[in-house]
Amino acid sequence: MKFTLSWLKEHLETAAPLAAIVEALTRVGLEVEGMEDPAAALAGFRIARVLSAERHPQADKLQVLMVETGEGAPLQVVCGAPNARAGLVGVLGTPGAVVPANGMVLKVAAVRGVESNGMMCSARELQLGEDHDGIIELPANAPVGTAFADYAGLADPVIDVSVTPNKQDCMGVRGIARDLAAAGLGTLKPLAVSPVEGSGAGPDVRTDDPDGCPAFFAQAVRGVSNRPAPDWMARRLKAVGLNPKSALVDITNYVMLDLGRPLHVYDMAKLSGPLVARKAREGESLVALNGKSYALDTTMTVIADDAAVHDIGGIMGGEHSGVSEGTADVLIECAYFDPETIARTGQKLGLTSDARQRFERGVDPAFLEDGLAIATRLVLDLCGGTASGVTHAGQPPALARTIGYDPALAEKLGGLAVAEDRQREILESLGFSVAPDWQVTVPTWRRDVDGPADLVEEVVRIQGIDLVPSTPLPRVPGVAKPTATPEQKLERRVRRAAAARGLNEAVTWSFLPEREAAVFGGSAWVLANPISEDLKAMRPSLLPGLLSAAARNLKRGATGVRLFELGRRYLAEGEHPTLGLVLAGEAMPRGWRQGKARGFDAFDAKALALALLGEAGAPVDNCQVFGEAGEAWHPGQSGTLRLGPKTVLARFGMLHPLTLKAFDLSGPVAAAELYLDAIPAKRGAGGFMRPAYAPPALQAVTRDFAFLVPAELTADALVRAVKGADKAAITAARLFDMFAGAGVPEGQKSLAVEVTLQPGEKSFTDAELKAIADKVVTAAAKLGAVLRG
């Protein structure tokens, strides 16, 4: 919500400086998000009169001007504007000034050999319009030497505040002024309402949808002249980011921003029959003022006549019935729309507007009559014409409520002791009525106040939430007990392990575009009210967010990206804690030892997956590697780690080229996903402590075996078979060589395995070693392996 300082002072009688106002806004809950000072951007630009204009000696299209600035001797300025001439009063940018349009710093410089002391400016250069055909021409009586920002009324700071959803009363400048007055920064000025005594019958309007539009008030004005809005109104609208259109449109925008009361005006020449608030009918649609077409359904409240729909009630008007330069007769609509209906309609249509933001929070139902009178008076004053009587269709809801309040609650609930007289003063300054017995009547514009706790909030925020004393919670004597759950401990352990292995943690959205979710099997859950249409699918995998992050980093010059995230996947059966990791770019930069840079491969992802599973407590020695990980993964370069054929602990490998293309990535990318909830829980210790580790007394023995195996046999299967040949003696087995080519029969490959044997009470004899070797060869033979000679 933006407003200017002068606009605020239309409602607030105050001598407080800007800094105090900004501080008070944040203190009472209206956080200041930004502040702009247009005068600062125009510092160094002043009104000047051209005394003479002579042709430039070196350029036909340039002139040498002598300019009066109101200070000292006239300045010489070179100018190329066709309208530059003696006697013209315009805007001079002096040396040191910064041109708003392009950031150029003006300085004394020679232009084609002639010294120029600044620049005469056009409207576009000062970002005051699109006119660039000539320099600005001001009235002849404009005060020479005056700062242009002061003369043009631009020395008015713009304040931008964040209004929380419960503060619908502050969606207008007057509501903000009321809060500041309650905080002691001045006095709220009375609102001037001048009822318009119209002549004749009011316009023919009614409401056939009492739930969606309980009240529809209207007044017609005939014989208007839709001229441009006056400068004071146009300046304020421009300052808050609205482009003035015409007086009729600007009046509705101004009243909405000033008083939080949305309105709409119709060109009566474009209406057929009575104007009715009703539910939309199947098949109806509307081209709105934003130029887009919207298909309507029977849950939506619309404003229509006998011919067509003209307004999506409380959200946006239609293009067809909008006012134009030639509009002569208008109907002013001031209606009350149900907040829930407005919110649902806006969500369905994906349509937002300033009016919707106010109606779905809840506008003041008691302000229809006065709001319509203020708007009609502005139309008569600025556009002329003759007003009709007022039509009142329906009845706004009665929202007045009385709450029993105990002043002691301020300290009990809010932690701040406030005197009863001060509490009464605060509540009354905010518009509440307080009876002697503390029965508090809530004003109609405060839909959010529902009970005593809400009144405590009002008292504490106005008195100063920064005054609430810091009070420590009571501490139970003794040593604090651990509160982390086993799941939290597991995630903490895995997060530290991933970071220790050189991975950088990322935090990405839990929702993502449906097209990205489709790459990983699609989303089982789609948000009904997403923050964006591109963020509506709950993620089925952590990899889409990590891949997008990797792409952003690589495009910004990162040579290698190692990212991980610990979060939740959202599948049809529920949430699943997961760790995802992505490796992209260079695994190792080029160097004198290895030459070219090395990229990541599937074995990098597998090694990280196994290491992190081990840190999570998974029995990695029992894990089996199975085939491809899924359609998003590269066939032949990916796999799964499982405990048995059904329990999938992780997926790892290289991602499919089509997956990379979907995320605008080039080059191979390795990834892995660990499913933490699939890791089996450790068995209980049964009350017995694990015995202390005792290192073996005898040295281990290693033996190497080289086998010829079928080409399709996985090394993992052979290693597992060898390790299981004699579980008492064999403590470890690992693959250390793989070869296919000369000397190896076609259709086969050579796998070499190192086996570690650990003797117990005595060293192995040659006979025992031979027996173990025979067991190893026999176990391998069951897989079709033959010991190489």
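Predicted model: local features only at pLDDT ≥ 70, side-chain atom pairs only at ≥ 80, totals over all residues.

Modeller: Residues are numbered from 1 along each chain as its sequence is written, and side-chain values use heavy atoms, with hydrogens and water left out.

Colleague: Fine. How are helix 6 and helix 7 oriented to each other?

Modeller: Two packed helices are described by the angle between their axes and the distance between the axes. Helix 6 (residues 231-239) and helix 7 (residues 247-259) have axes that come within 11 Å and cross at roughly 60°. Axes here are lines fitted to C-alpha atoms, for helices over the stretch in contact, with angles from 0 to 180 degrees between N-to-C directions; helices (H or I, at least four residues) and strands (E, at least two) are DSSP runs numbered from the N terminus. Under 35 degrees is roughly parallel, over 145 roughly antiparallel, 65 to 115 roughly perpendicular and the rest oblique, so helix 6 and helix 7 are oblique.

Colleague: Which residues of helix 7 does helix 6 meet?

Modeller: Contact means heavy atoms within 4.5 Å. From helix 6, the partners are W232, M233, R236 and L237. On the helix 7 side they meet D250, I251, N253, Y254 and L257.

Colleague: Which residues of helix 6 are buried, and which are exposed on the other side?

Modeller: Buried is under 20% relative accessible area, exposed over 50%, and partly exposed in between (1.4 Å probe, protein chains only). M233, A234, R236 and L237 of helix 6 are buried. They sit on the same side of helix 6 because they cover an arc of only 165° around the axis, the arc being that of the directions from the helix axis to the C-beta atoms. On the other side, the exposed ones are D231 and K238.

Colleague: What about helix 7 and helix 10: how many nonpolar residues does their contact have?

Modeller: Those two pack at an angle of about 140°, with axes 10 Å apart. Helix 7 brings A247, L248, I251, V255 and L259, while helix 10 brings I374, A375, L378, V379, L382 and C383. Ala, Val, Leu, Ile, Met, Phe, Trp, Tyr, Cys and Pro count as nonpolar, Asp, Glu, Lys and Arg as charged, and the others, Gly among them, as polar. By class the contact has no polar and no charged residues, and the nonpolar count is 11.

Colleague: On to the loops. Is L416 buried or exposed?

Modeller: L416 lies in the loop between helix 11 (409-414) and helix 12 (420-429). Leaving aside neighbours within four places in sequence, its contacts include V460, L467 and V468. Its relative accessibility is 8%, so L416 counts as buried.

Colleague: And K646, buried or exposed?

Modeller: K646 is in the loop between strand 34 (633-643) and strand 35 (647-655). With 77% relative accessibility, K646 counts as exposed.

Colleague: What is the phi of D664?

Modeller: D664 sits in the loop between helix 18 (657-662) and strand 36 (669-675), and is exposed, with a relative accessible area of 52%. D664 is not a glycine, although its phi is positive, at about 60°.
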